[in-house]
Amino acid sequence: MTMTSSHATAKVLRTQYQESVAEYWNTEKDPVNIKLGEVDGLFHHHYGIGDYDPSVLEGPAETRDQRIIEEMHRLETAQADVLLDHLGAVTPDDRIMDTGSGRGGTSFMANQRFGCHVDGVTISEKQVAFANEQAEQRGVSDKVRFHFRNMLDTGFASGSLRASWNNESTMYVDLFELFAEHARLLEYGGRYVTITGCYNDVTGGRSKAVSRIDEHYTCNIHARSQYFKAMTANNLVPISVVDLTGPTIPYWELRARSSVATGIEEPFLTAYKEGSFHYLLIAADRV
């Protein structure tokens, strides 16, 4: 029996909130994602890290914007490289998963680095179609595939993954449910990595700046402590925690001076600099 498109959608999107998130990403055409991806065909949906080259702000005015775009893209690719650095040993025969895969940028980088099988998961049907077309164009569709599935219930076999990650996509789901699914999918000793923004519960609840970020992206930023509580409850033992808050600030300062600024740059910079918001990489092993 063939499942109709509406039935498939209803099966993947379990709540009205998930429907609203899917709608947001199905209609999203943010230039900050599109123009940067057009630099080299790697379309990211995350932010960047590292110092930018100040010379991009100088030189001929007619090429200034393109110089800034290319520099921002370089910093976003550098962020994905740092995530992949923490995935541990991955062989070409291994299968790994990009959870909340967007348009597929980090998935293609992972396949290029490890030669492994990569499954991307997203609740945006538009992102799935875009990323699978990219896989065809790159000639890697036999190893890199994208799926319209819910990251809380992917349907993949238990213990089938060597590694998995979320790159700035955990703020749309319950962390306990999410890590339970990662723990189910990972083999014993498998590696999970997340890069995420989280509010600092040492200073109290969400700051005004963090609340503005939530509203902008229709998300629910979690407290820093929630990540560790949810991992511990699901047999994911952190092996490395890297504070990327300082390294991401130059990216946001450059983005604020770019043509693709959206207005959300100021809340990010305020939250990072006042200490109410952290940008962390957490790597954990499945035990």
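The model is predicted. A search of the whole structure finds 13 salt bridges. Asp 81, Asp 85 and Arg 113 are linked in a network of such bridges. Asp 98 is buried yet has no salt bridge.

- Asp 81 pairs with Arg 113 in a salt bridge, with the closest N and O atoms 3.1 Å apart.
- Asp 81 belongs to helix 4 (residues 64-85) and Arg 113 to helix 5 (residues 105-114), so this pair ties together parts that are 32 residues apart in sequence.
- Arg 113 also forms a salt bridge with Asp 85, at 2.8 Å from N to O.
- Asp 85 lies in helix 4 and Arg 113 in helix 5, so this second pair ties together parts that are 28 residues apart in sequence.
- Asp 81 is partly exposed, at 29% relative accessibility.
- Arg 113 is partly exposed, at 37% relative accessibility.

**The Glu 253 and Lys 273 pair**

- A salt bridge joins Glu 253 to Lys 273, and the closest N and O atoms are 3.2 Å apart.
- Glu 253 sits in helix 10 (residues 245-256) and Lys 273 in helix 11 (residues 265-274), so the pair ties together parts that are 20 residues apart in sequence.
- The relative accessible area of Glu 253 is 31%, so Glu 253 is partly exposed.
- The relative accessible area of Lys 273 is 54%, so Lys 273 is exposed.

- Asp 98 is found in strand 1 (residues 95-99).
- Side chains of opposite charge can pair when their charged atoms come close.
- For Asp 98, the nearest side chain of opposite charge is that of Arg 138, 12 Å away.
- A salt bridge needs a nitrogen-to-oxygen approach within 4 Å.
- The side chain of Asp 98 does make a polar contact with the side chain of Trp 165, at 3.0 Å.
- Not counting residues up to four places away in sequence, Asp 98 touches Thr 106, Ser 107, Asp 119, Gly 120, Val 121 and Trp 165.

**Nonpolar surface patch**

- Tyr 188, Val 237 and Val 287 make a nonpolar surface patch of about 320 Å².
- Val 287 lies in the segment after strand 7 (277-286).
- Val 287 is partly exposed, with 40% relative accessible area.

Note on methods:
Residues are numbered from 1 along each chain as its sequence is written. This is a predicted model: local features need pLDDT of at least 70, side-chain atom pairs count only at pLDDT 80 or more; totals for chains, interfaces and linings use all residues. Side-chain values use heavy atoms; hydrogens and water are left out. Patches are made of residues with over 30% relative accessible area and no salt bridge: like charges are joined within 9 Å, nonpolar side chains (Val, Leu, Ile, Met, Phe, Trp, Tyr) within 5 Å. Accessible areas come from the Shrake-Rupley method with a 1.4 Å probe; for residues, only the protein chains shown count as cover. Helices (H or I, at least four residues) and strands (E, at least two) are DSSP runs, numbered from the N terminus. Buried means under 20% relative accessible area, exposed over 50%, partly exposed in between (1.4 Å probe, protein chains only). Lys and Arg count as positive and Asp and Glu as negative; His and the chain ends are not counted. A polar contact is a pair of N or O atoms within 3.5 Å; within protein, one must be able to donate a hydrogen and the other to accept it, and residues adjacent in sequence count only if both atoms are side-chain atoms. Contact means heavy atoms within 4.5 Å.
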